[in-house]
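Please look at the structure before reading on.

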Amino acid sequence: MSTVTSSLNTWQRKKLCSLLNHTNLSLLFKASVHGYHVNTFHQKCNTQGPTVIVAYNKSGFNDKEMKEDPLHVVSGSPQYAFTDNGPNFGSLVFLYNNTASAYSNPGTYKFDPQKMHGNDLQLTECEVYRVEDCGGLMEKPWRNVQWNSERRQALLSTISGWKPSVSSVKQARILLVGPVGAGKSSFFNSINSAFKGYVSMQANTGTAGTSLTTQFRTYYIKPSNSVTHVPFILCDTMGLEDGVNTGLDVDDFATILKGHIQDKYQFNPLMPIQPDSPHFHKSPGLKDKIHCVVYVIDISRVKLLSEKTIEKFVCFRKKANQLGIPQLVLLTKVDEACPLVAEDLKNIYQSHYINKMMQEISTKVGVSLSAVVPVKNYYQELEIDSQTDILLLNAVVQMLRAAEGYFDDFYNPEEKSE
């Protein structure tokens, strides 16, 4: 099954959220993925509370109309607009006869077909979103963050000055794991950008239906004039997928943790790596093992994580726990999840919605709330932003602190780090 991603661009999403009184939108149904079938539509969307349908034809989303004066349609006969089964939209029916088309016959709802759909009833896409209340802002932030440029520099200095307490290890190896499209590769690019001082694209990113990362990759960040030492390596993996024999395998995950898989190994979802593979490290040292696991999850997908994905997280957690490896959860795309955060990133720890999602993923994955860190990746910007950097660099600091907990088990007071 392909990953389900929204076809709305950032401006369109913000405009819809604004029209709906600054709500959040969670994608429930996407016809190109789930099929143009009414039964599937109801299976995915019934009992989900308030929803909004976004239908697309070749005319596309009418940005000009939305900017100037969005088309509002009201019922000419309100008593017939709602039945015992819910709203009656007989004037405009999507997925008509289980096809990629719509039926239009203005009646109960009065509208001009030309303005509504340009007289084009062939659908190129049909999406349904659950409309969620963002809950507004708390009176005070529940985590304190300094947002000035001095804090950004202080975080860079803290990271640059960090050293593992075990002399045989020079850099902490941090493994990024998460569903397809969660933002693992984008997180590396964003961290690299924060260190370089400009937006950088080294790891492949995008919105493909399946994992863009098909190899095990170890990414190093080059030191710079402002950062003379980078004490960590970010390791990227194939994304998690629901289907059988798709996405990262639990056995490969365990082998990565133990340091057996080398850079650029090509994953085979049908079979885990074998000891005779040229990319299999037979005798890994402590420096080759994973010192911290980070589960990367799109915050707007927290409520929509499938049972199979949760089961995989549970299996991964069990493997990592057995090896004594600390784990964090990185929640991405906070600006897309909450309009109030999109307006001002400093609202992140005052947003009731962000706080609620952090608590929910804490329970689902089984980590403490202190191990859940929200960030915003760079994905459309051309220049770095101090506030975005502060969240990203703070996440790295938390990862290094977690890795230090792993090294504590190997600490020898007679051995000092150089």
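Which residue in β7 does K30 stand opposite? K30 stands opposite E127. The model is predicted: local features need pLDDT of at least 70, side-chain atom pairs count only at pLDDT 80 or more, and totals for chains, interfaces and linings use all residues. Residues are numbered from 1 along each chain as its sequence is written, and side-chain values use heavy atoms, leaving out hydrogens and water.

**Sheet**
- β1, β7 and β2 form, in that order, an open antiparallel sheet of three strands (strands are DSSP runs of E, at least two residues, and helices runs of H or I, at least four, numbered from the N terminus; strands pair if DSSP finds at least two bridges between them).
- The edge strands, each pairing on one side only, are β1 (24–30) and β2 (51–56).
- β1 pairs with β7 (residues 125–132) over six bridges in the antiparallel sense.

**Aromatic pairs**
- There are 11 aromatic pairs in the structure (Phe, Tyr or Trp rings, the six-membered one for Trp, with centres within 6.5 Å; planes under 30 degrees apart are stacked, over 60 edge-to-face, the rest tilted).
- F188 and Y219 are stacked, because their ring centres lie 4.4 Å apart with the planes at 20°.
- F188 belongs to helix α7 (residues 184–196) and Y219 to strand β9 (residues 215–219), so this pair ties together parts 31 residues apart in sequence.
- Both F188 and Y219 are buried (under 20% relative accessible area; exposed is over 50%, partly exposed in between; 1.4 Å probe, protein chains only).
- Y406 and F407 pair edge-to-face, at 5.8 Å centre to centre and 70° between the planes.
- Y406 is buried at 5% relative accessible area, and F407 is buried at 0%.
- W162, Y406, F407 and F410 are linked into a cluster by ring pairs.
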